[in-house]
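Trainee: I would like a close look at a single part of this model. Please take me through it step by step.

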Amino acid sequence: MTFSQTETFFLDSHKAMKLLEINKLLTKSLHLHEVLQNLITAASELVSTTDTFIIYLFDESTQRLKFVEGKGVDAEALQEIAFSPGESITGRVFSEKQAILFKSEQEIDDFMCTMSPDNYRAYLKGVYGRKIKSAFCVPIIYNDCCFGVLVVDSFNHDGLFSMEDMEVIKIIADQSAIAIEHSRVYNDLLMQHKLLMDSISIHKKFYQLIIDGNGIESILSLLEELIQSSVIYHETSIYEKRERYFPIIRNQEILGVLELEKPFAEFHENEQMIIENASLTMALEITKDSALIEQELHFRNEVFNQLINEQNQYDVNRLLHYLKWERTNDIQCVIIEGADKPLWENNKIKEKQWIVLSIQKLLDSFCKNSFVVTHTYQLILLIPGGVTEDVVKQLLNEMDRILSGRNILIGIGRQTTIPQLATSYQEALRSISFGKTSKASNVIEYSKLGMERLFHEIEQQTIDMYIHDKIGKLLEADPVLLHTLLCFIRNNKNHKDTAAEMHIHGNTLYYRLKKIEDVLQLSLNNEKEWVDLMIATQLYVVTHKV
């Protein structure tokens with residue numbers, strides 16, 4: 001073995017021993033800053049002819065490569081750099097995950113020409129205005145994931161670095177990648193532990209407010225104090241998705257909304273956790289209040305049932321005292337029901353309560369000592385002194401706002417004395433029933449109904465027999481004849497208006513009317529037969545929902 005071979009072997013052995021020491025050093029700490037400092041120290045010891053060592057790590061939040069550690073540079077200036085993947089030497093090595101060794105200044109310039117002007121100004125300041133003569137750059141890779149790059153520069157000589165130098169630094173970079181990954185896992189665990197402990201602490205603070213019975217306002221105050229930002233609470237069962245809105249939810253039911261000062265995503269992770277805790281606490285507080293309201297609604301239902309059933313003198317006086325009614329008060333019953341779907345969903349108790357309380361508040365604003373009760377999916381309004389047209393108008397306008405434009409039916413019973421409240425209630429129910437069949441109006445007052453009031457008193461079998469006797473043959477004939485007759489009745493026997501509505505010639509209408517007379521064996525000019533015909537068709541329309 002020659003002296004030269006012996007010297008090379010000694011150097012290789014020295015570097016191998018040094019690499020083992022560096023490996024121990026890199027795995028000694030779990031703190032990222034110390035790991036990176038150790039990486040710079042190790043690289044400096046193995047490649048001593050360099051002027052600068054620079055480490056860039058990829059920032060997931062910004063999707064940019066940022067300066068984190070260096071030697072022989074102005075660290076403050078380099079912190080302004082944000083390389084995109086593929087940009088300049090650093091970005092290209094990161095994207096391709098391949099080390100690059102540069103032999104000449106021109107080769108370096110060619111690679112650096114893609115650097116943005118802002119990054120170039122910061123870089124030039126960071127290396128004190130010096131121009132690179134020699135360089136190599138290696139990726140920091142773990143499990144095929146590139147964490148960043150290590151750049152080694154010389155500003156004095158071309159072709160200073162060898163492939164051996166780069167291979168040695170690659171080994172260090174690979175070892176440091178493992179240490180960086182361990183550091184990240186460790187720091188993630190620390191962060192998760194801290195968040196967990198913070199969450200427990202915050203949860204205890206909010207939960208204590210519930211125990212102390214301080215209410216929604218105290219929860220809001222604590223939330224604003226902890227996140228140093230204003231928050232507005234909206235009591236609503238409807239959640240309109242917006243960036244600054246955070247819903248308060250219980251079992252998929254919207255209990256309310258927190259309006260934040262800025263979008264939820266812009267808050268720090270710890271602040272987001274606080275907002276979530278506050279939302280959960282408010283859900284519990286609202287649920288507690290909701291249980292009390294549900295008890296109140298149940299009690300109201302019992303009061304209503306006692307009012308419409310015969311009670312002894314003592315019970316009546318007790319109920320009147322509770323309702324703050326005088327025995328001489330007149331009372332009127334109004335029923336509100338959804339026309340095409342229920343006013344509230346079965347599993348959304350808070351929504352039902354919000355509707356009831358909103359309607360009660362509305363009535364209180366213009367009708368003293370009114371009383372709102374729920375029965376299945378109906379709202380029952382008991383209004384002392386009766387319902388004026390102005391009250392009905394206000395009800396309709398406000399209902400549209402409260403019920404978000406849902407189609408509703410309002411059935412109004414007659415004004416009665418308190419002992420006859422059951423009568424007004426039954427009349428309101430019949431009005432609702434008629435409204436469902438006629439669909440002529442969404443407000444039906446029992447006192448303004450005509451013969452329709454009588455239809456509800458007649459057995460269905462009797463009605464069917466009457467319809468069959470009077471217009472049975474017409475129902476079996478051409479359907480256009482029944483349609484023509486209904487239109488003729490609706491236009492009060494006016495030939496011109498009937499023909500215009502049906503878009504037919506007057507002669508065609510005359511022919512059809514004669515055909516109706518022939519089928520039914522009657523005269524449309526006979527007053528008694530005409531009245532019977534109108535009653536039969538009206539019964540048919542009501543019972544068959546035509």
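In what order do the 5 strands of the open sheet lie?

Mentor: The order is β2-β1-β5-β4-β3, and the pairing is antiparallel. This is a predicted model: local features need pLDDT of at least 70, side-chain atom pairs count only at pLDDT 80 or more, and totals for chains, interfaces and linings use all residues. Residues are numbered from 1 along each chain as its sequence is written, and side-chain values use heavy atoms, with hydrogens and water left out.

Some terms next. Strands (E, at least two residues) and helices (H or I, at least four) are DSSP runs, numbered from the N terminus. Two strands pair if DSSP finds at least two bridges between them.

Axes here are lines fitted to C-alpha atoms, for helices over the stretch in contact; angles run from 0 to 180 degrees between N-to-C directions.

Now take one pair. Strand β1 (residues 52-59) meets β2 in the antiparallel sense over 7 bridges. D59 has R64 of β2 as its bridge partner. In general, strands of a sheet pair through backbone hydrogen bonds, either parallel or antiparallel.

Helix α4 (residues 88-96) lies across β1, β2, β3, β4 (134-142) and β5 (145-154). Contact means heavy atoms within 4.5 Å. Helix α4 runs at about 145° to β5.
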